[in-house]
Amino acid sequence: MTLTDRDLVERYGSPLYVYDLDRVAAARDDLMAALPDGFTLYYSLKANPHPGLVRALREGERPCRAEVCSTGELAAAVEAGHAPETILYSGPGKTSDELTDALTRGVRTFSVESPGDLRRLGATAVRHGVEARVLIRVNATDAAATTSIRMTGTASQFGFDAETLPGVLPELREVEGVRVLGAHFFPLSNSRDEDSLIAEFTATIATAAALEAELGLPLDVLDIGGGFGAPYSVPGERPVYAGLRAALEKALDTHLPRWRDGGLEIACESGRHLVGDSGRLLTSVTNVKHSRGKTFAILDAGINTLGGMAGLGRLLPLAVEPVAGGAGGAGGAGGVGGVGGVGGAGTETAVSLAGPLCTPGDLLARSARLPVPAPGDVLAVPNVGAYGLTASLTHFLGRPAPTEVLVRGGEVVSATRLTSSRVAIDSGAK
């Protein structure tokens, strides 16, 4: 029997994240089809490290590898079945302890962001009697895309500034314990359109070819990064990139033609695009309050459940969909309402969506258009499979984390809840 959202809330309570593994598989297959044959696709666990999602992306005819940037993400990737030798470890703040954990688990490929990062990796590898393979992350000088979140072309903690590479590359290649394998770029995030994505990838490929030709940068592997888009916390469809495959083949044929015969491994990475539309958040109205001409729906989910990495005081461009079967007006409607949007059938009103936390910053929306809410109504936030629970203030005020349910074909695969506990390091007793 296929379970409805109301069934899931009655069984597991709320707030509740629901992840649809069929959507995860569809996103992976669509993106693989948009990439040239032979491309390596990494899943960036920062988007959602739930081992069930990571495992689903590892399946299929063209599976994803794992890209991690912490010991916790590495543990999730290994739990999901990824062989450590296939994992890419990145991030600007890798400590010696983190590198030791990764190397002893069997990780061998790292993206390095600075001379100090590379030297620390080399020293740790030498201590453990192994050699690490490294990709030099490059912070290019120019930006090709005119939209999206910029990740390059400015001062940054990410990557080697391209203009400094001529002076430091000889030294990097001599560091003991590491072997420079290639280059890693990540110029933008959540591209607003396909043209911007293609422009950035084309510029990246040209830059990598120039660095190889002019500086002798080894280029056995080229990771061109990501930027694949997806709607977040609002209705919308995940984009499908019809022109990307041909554009990438053209750029590679122009600048790095040996990719055709396997002389160069090309990789890219994605997080939100692969899992964003798989997830929805179900949250219940616990109270309705009227204050000085405004209506507040107090929800059992707040910025501790859906913080969007925003911190206190920043509102998400959030929309909600009332779930059928609720106690009041919202529960019986089927339309979508959001900030400045228009909801479903029934009398609508502007509602501020407040969470349960004791801070005025716990607001998810100031003026969602909804049928008049009532306690017991259940609302659904769409497209939050990425940067949902683990990008939130989960420990703030000590409230329990929501349950996370995986479904496939309308049936529950698993239900879990994140927990945290204090581990004694030193009691202080004498």
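Which side chain does Asp30 meet in a salt bridge? The partner is Arg238, at 3.2 Å from N to O. By salt bridge I mean a side-chain nitrogen of Lys or Arg within 4 Å of a carboxyl oxygen of Asp or Glu.

Before going on, the ground rules. This is a predicted model, where local features need pLDDT of at least 70, side-chain atom pairs count only at pLDDT 80 or more, and totals for chains, interfaces and linings use all residues. Residues are numbered from 1 along each chain as its sequence is written, and side-chain values use heavy atoms, with hydrogens and water left out.

Back to the pair. Asp30 sits in helix H2 (residues 21-34) and Arg238 in the loop between strand E11 (221-223) and helix H9 (244-255), so the bridge ties together parts that are 208 residues apart in sequence. Helices (H or I, at least four residues) and strands (E, at least two) are DSSP runs, numbered from the N terminus. Arg238 is buried at 13% relative accessible area, while Asp30 is partly exposed at 31%. Buried is under 20% relative accessible area, exposed over 50%, and partly exposed in between, with a 1.4 Å probe and protein chains only. Through shared partners, Arg23, Asp30, Arg238 and Asp277 form one salt-bridge network.

The count is 18 salt bridges. Among them is Arg245 with Glu249, closest N and O atoms 3.7 Å apart; these two are 4 residues apart in helix H9, which means a separation of about one helical turn.

Now the core. A nonpolar core is a set of buried Ala, Val, Leu, Ile, Met, Phe, Trp, Tyr and Cys residues joined through side-chain atoms within 4.5 Å. The largest has 99 residues, and Ile136, Leu222 and Leu353 touch the most other members. Helix H8 (residues 194-215) gives the largest share, 7 residues. Another core, of 11 residues, lies apart from it and includes Leu8 and Val407.

Leu353 is in strand E17 (residues 348-354) and has 0% relative accessibility. Its C-alpha is 5.4 Å from that of Leu364, 11 residues along the chain. Contact means heavy atoms within 4.5 Å; beyond four places in sequence, the contacts of Leu353 include Ala297, Val320 and Leu379.

Last, the cysteines. With a disulfide defined as a pair of cysteine sulfur atoms within 2.5 Å, the count is 0. Cys268 is buried at 1%, and its sulfur is 9.0 Å from the closest cysteine sulfur, in Cys64, too far for a bond.
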